[in-house]
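Subject: Structure handover and notes

Dear colleague,

I am passing on to you the structure shown below, and after it you will find my notes on what turned up when I went through it. Please keep the structure open while you read.

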Amino acid sequence: MIYSALTAVLFLAVIAVGVVLIVRNILIARSFLGKGKSTGKKIHSAIPLAIIAAGLMLLILIPGSFHTVDAGTVAVVKELGVIKEVESPGTYFDFWLTRKYEKYDAKVQQVDIRMDAYTADAQSMDINMVVQFQIRQDKVEEIALNYGGLEALTNRIQSVAIERTKATLSQYQAEKLIEQRNTISPTVEKEISDAIGDKYYVTFNSAVLTDITFSDAFEAAVEAKMMAQQEKLQAQYENEKKKEQAETALYVAEQEAKALVAKAQAQADAQIATAKAEAESIMLKSVEIARMLGYEVETVNTPVEGAENETVTTYIIKFTTDHDGKDIAEYMKYIEYMSKWDGKLPQVVGDGNGFMITIPGISGGDTESGTKP
């Protein structure tokens, strides 16, 4: 900075002196030419013209010695080809014939890369990717010494990115690569980042695979295979659905069969219960009739096994010569008849030995006849 300031002051002083001399000599030259002096004096008058020419040269050389480093860039200053320093953004005054300013873009650099690559099963593909990096400002001198400029460094980083991308993608089968297309980019980015590291004096930002395109034939084959797989899955789904429907129908049929069995069992149980009830009713009626007709009836109460305070009652009708049980049966028929009698009187027919009573039928309108002496 001190060198630049001193140079600027010196050049400004030279410019001021040059301007004064130019103005003075222009005035002198006009006075000589206007008076038409001799040849010797004409030669003497050429001296001011030489001074004017020198002043004009200074005016041409001095503006080129102002150097502006824009924001987002840095400049490597070389004096007669030797690197002297690195300047940050600002305006500097250095004589341009001896000191050169080589500017480097310090902003994020984006490199669009297109390449051809092959998968592990030799399928060709076109790859589009974007790599971003940024030069390290503290390493600009090394970049200038080793690469001579940002363009050469960018080309080197691009070569590394292409080489690592091809090596990474070549480890995948084409179909696997299609399936993992959304997750393969981070893997490629890591490989490129590891390869660049600190070797190229840059800060690696990202590498993104923007597109992977296979040949039309391969894309068509993959599409056909995927359609076949979808059809297979659809067929499996339909078979599973039919199986579920069949199992459902079987389950419904089993449940309906069980319901019918349960219903039949319930009806049978109900009939048995009804029959038992009717039998018990008949038995009780028989016991009552037997007692009424003078039969001896014995009551036996038997305890129920496993049930406390519960007994089963059994009636034993004792028959004798005078009480053989026929009158009980006849009386039971009479009671049955009376329960079904429609209120009409029976037909009575007499013959010399006795009379006959025609009894209306108990079921289906049939008639039963008997004689009474």
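Predicted model: local features only at pLDDT ≥ 70, side-chain atom pairs only at ≥ 80, totals over all residues.

Residues are numbered from 1 along each chain as its sequence is written, and side-chain values use heavy atoms, with hydrogens and water left out.

Strand β2, residues 73–79, pairs with β3 in the antiparallel sense over five bridges, where two strands count as paired if DSSP finds at least two bridges between them. Valine 76 has valine 86 as its bridge partner in β3. The two strands β2 and β3 form a hairpin with two residues between them, and leucine 80 in the turn has a positive phi of about 55°. These strands belong to an open sheet of three, in the order β3-β2-β5, with antiparallel pairing. Its edge strands are β3 (82–87) and β5 (99–105), each of which pairs on one side only. Direction ignored, neighbouring strands of this sheet are turned by 25° against each other on average; axes are lines fitted to C-alpha atoms, for helices over the stretch in contact, and angles run from 0 to 180 degrees between N-to-C directions.

Threonine 73 lies in strand β2 and is buried, with a relative accessible area of 15%; buried means under 20% relative accessible area, exposed over 50%, and partly exposed in between (1.4 Å probe, protein chains only). Leaving aside neighbours within four places in sequence, threonine 73 is in contact with Pro89, Tyr104, Asp105 and Ala106, contact meaning heavy atoms within 4.5 Å.

Strand β7, residues 124–135, pairs with β8 in the antiparallel sense over eleven bridges, and the bridge partner of isoleucine 135 in β8 is valine 202.

The buried residues of α4 include Leu150, Ile157, Ala161 and Thr165.

Isoleucine 192, in helix α6, is buried, with a relative accessible area of 0%. Not counting residues up to four places away in sequence, isoleucine 192 touches Met129, Ala161, Arg164, Thr165, Phe204 and Ala207. Between isoleucine 192 and phenylalanine 204, which are twelve residues apart along the chain, the C-alpha atoms are separated by 8.7 Å.

**Salt bridges**

How many salt bridges does a search of the whole structure find? The search finds ten, a salt bridge being a side-chain nitrogen of Lys or Arg within 4 Å of a carboxyl oxygen of Asp or Glu. The side chains of aspartate 194 and lysine 190 meet in one of them (3.0 Å, N to O); both residues lie in helix α6, four residues apart, about one turn of the helix, and both are exposed. Salt bridges that share partners also join Glu79, Glu85 and Arg99 into one network.

Arginine 164 forms a salt bridge with glutamate 163, with the closest N and O atoms 3.3 Å apart. Arginine 164 is partly exposed at a relative accessible area of 23%, and glutamate 163 is partly exposed at 41%.

**The protein overall**

The secondary structure of the protein comes to eight helices and 13 strands, and of its 373 residues 24% count as buried.
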